[in-house]
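Thank you all for coming; I would like to take a few minutes to walk through one model with you. Please have a look at the sequence and the structure first.

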Amino acid sequence: MKHQIVIIGSGLGGLLTAVLLAKEGYDVAIIEQNKQIGGCLQTFSFDKKIFDSAVHYLGSLGEGEVLNQIFSYAGIQKDLQLKRLDQDCFDAVLFGSDPQQYKLAQGLDNFADSLWQQFPEEKEAINAYTRLLQDTCDRFPLYNLRNGDAAEKEEVLHLKLAQELQKITTNQTLQKVLSGNAILYAGMAQKTAFSTHALVSKSYIDSSWRCVGGSSQIAKLLWRKLQEYGGVIYRHEKIKRLVVNNGIIEKAVAASGNEFLGTHFIANIHPQQTIALLSDQSILKSVFKNRILEATPTVGCIMVNIVLKPRTVSYKNYNINWNLKDGLEVIDALSEFFPVNYSIYYTEDSHNHGFAESVSILSYINTSDFAVWKNSFNSTMAAQEREPAYTDFKEEKAVLLINKVAERFPELKEQMQSYKIATPLTYRDYQGSVTGDMYGIQKDVNQLNHTRFTTKTRIPNLHLTGQNINLHGVLGVSMTAISSAADFLGLDYLLQKINEA
Ligand SMILES: Cc1cc2nc3c(=O)[nH]c(=O)nc-3n(C[C@H](O)[C@H](O)[C@H](O)COP(=O)(O)OP(=O)(O)OC[C@H]3O[C@@H](n4cnc5c(N)ncnc54)[C@H](O)[C@@H]3O)c2cc1C
């Protein structure tokens, strides 16, 4: 098989980059190891209900907002089945045993108004926070779909989230509330940049949406568009080798023995995996190679997907985020406690409006807890039972998590019909991540240049895309897809087209 552009991995990054390029006439092929495309956008069914494997809500899909513009240009926005979360509370945040439930509202003004009501003494601090949030986001050109100078963001890149929140207010509860949904970016007091928090949080404050019927619709719609533009996806083809010849990649070789020749290659996988695939690694500078090999992964997670007895639990059109303490400190607390946090995502019963048919409960867990079973592998493509000790361990953790959730939401345990657990090994095996970590490389404000990459590499025909390059999440990955496609099309040209769409 020979194509102009060969993309390894059909995650959102690979799919969107492919559509942007195919739309301009490039002959694009995506090679995906799984049967189901989409990586983290995959859904699965269990006890006759559909569950999202990872993506439970999206930001900035409102009219004129950034993800809406990108998806409109890609041709999929109009066909997405979306439900907007409650405008006055898209995320509720809770801490420890504090009975108070704090609300995060949509729309920056509404968000501030709502916080003023909850913290009447903190009006100035809340204003300072929203100003910094807006100012920070304004400095990231791609977030605003414009071309710009890297220097624009220089002043804010080194700001640390925890420190900025402390500068803004001495009210520790408000500090905690502002980063109460830090699970969205695996926030850590010592490592997280204010800008990471700002770009992610602001997109959900702008507007927050669930995909009705599952997030896999994004992948399916992009696939349909790709086909319309003449692109193809080869599924069930795991790339085992990128053959380097005369300083460039000549072909990608799959485990099946099939060879995919290309003029250009784009890796939508972890850069560590990309390096490992190269037949000749000496082509890369050792500084670059070491930077990638030394990158630490984000924390892992466990997800308990619960099918509820019909018509027993009210549907909540918002998410719950509980943290044992400050959400920026709970990853470090994992060595001592479990669970240290949870997020609950409700799915409405389409036949019984107002009731939830299922919930997914997400919580951090150390990937190292699963190291003893790291040599086992289980996915739909290679189904294999893991040993009973693994099953017992994940069951034990799931029960601890369900019991913690039941302290505040007893109905979720009482009305449980069945449940299915996903662990870091599930994520590793189904989504192809290196360790089963949540968001790929852990970004570190103290080592900015070590944890961010450009889409171009020293190998002239090898490009990168996906969550590990810059920012994770549906919006972050979509922005990077624009950069990857712009390597071929030119950024000014592509942005003009997106803005005119
Ligand atoms: C539990 C969890 C919850 C999340 N929740 C949200 C959320 O609510 N909202 C949000 O915006 N984001 C969320 N995210 C983050 C978001 O899902 C990801 O950042 C994003 O989808 C990653 O896209 P990607 O293109 O980088 O790659 P991935 O989705 O990781 O896809 C990579 C693809 O490459 C394939 N692949 C790997 N190796 C090979 C190979 N050798 N050959 C061929 N194919 C290969 C994989 O099978 C996979 O399909 C969540 C992530 C997780 C894990």
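Predicted model: local features only at pLDDT ≥ 70, side-chain atom pairs only at ≥ 80, totals over all residues.

Residues are numbered from 1 along each chain as its sequence is written, and side-chain values use heavy atoms, with hydrogens and water left out.

Let me begin with the ligand, which is surrounded by 35 residues, the closest being Gly13, Glu32, Cys40, Gln467 and Gly473, where a residue is taken as near if one of its heavy atoms lies within 4 Å. A polar backbone atom of Gly13 is 2.8 Å from an oxygen atom of the ligand, and a backbone N or O atom of Cys40 is likewise placed 2.8 Å from a ligand oxygen atom. With Glu32 it is a polar side-chain atom that lies 2.6 Å from an oxygen atom of the ligand.

Turning to Tyr234, we find this residue in strand S10, residues 232-234, strands being DSSP runs (E) of at least two residues and helices DSSP runs (H or I) of at least four, both numbered from the N terminus. Is Tyr234 buried or partly exposed? Its relative accessible area is 22%, so Tyr234 is partly exposed, given that buried means under 20%, exposed over 50%, and partly exposed in between, with a 1.4 Å probe and protein chains only. Leaving aside neighbours within four places in sequence, Tyr234 is in contact (heavy atoms within 4.5 Å) with Met1, His3, Ala29, Ile30, Ile31, Glu32 and Phe260. The side chains of Tyr234 and His3 are joined by a polar contact of 2.8 Å, that is, a pair of N or O atoms within 3.5 Å, one able to donate a hydrogen and the other to accept it.

Gln431, by contrast, sits in helix H15, residues 424-431, and counts as buried because its relative accessibility is 19%. Among the residues that Gln431 touches, beyond those up to four places away in sequence, are Gly39, Cys40 and Gln42.

Finally, the axes of helix H4 (residues 123-138) and helix H8 (residues 194-206) come within 9 Å and cross at roughly 100 degrees. H4 and H8 are therefore roughly perpendicular to each other, a term covering angles of 65 to 115 degrees.

Technical notes. Axes fitted to C-alpha atoms, helices over the stretch in contact; angles between N-to-C directions. Parallel < 35°, antiparallel > 145°, perpendicular 65-115°, else oblique.
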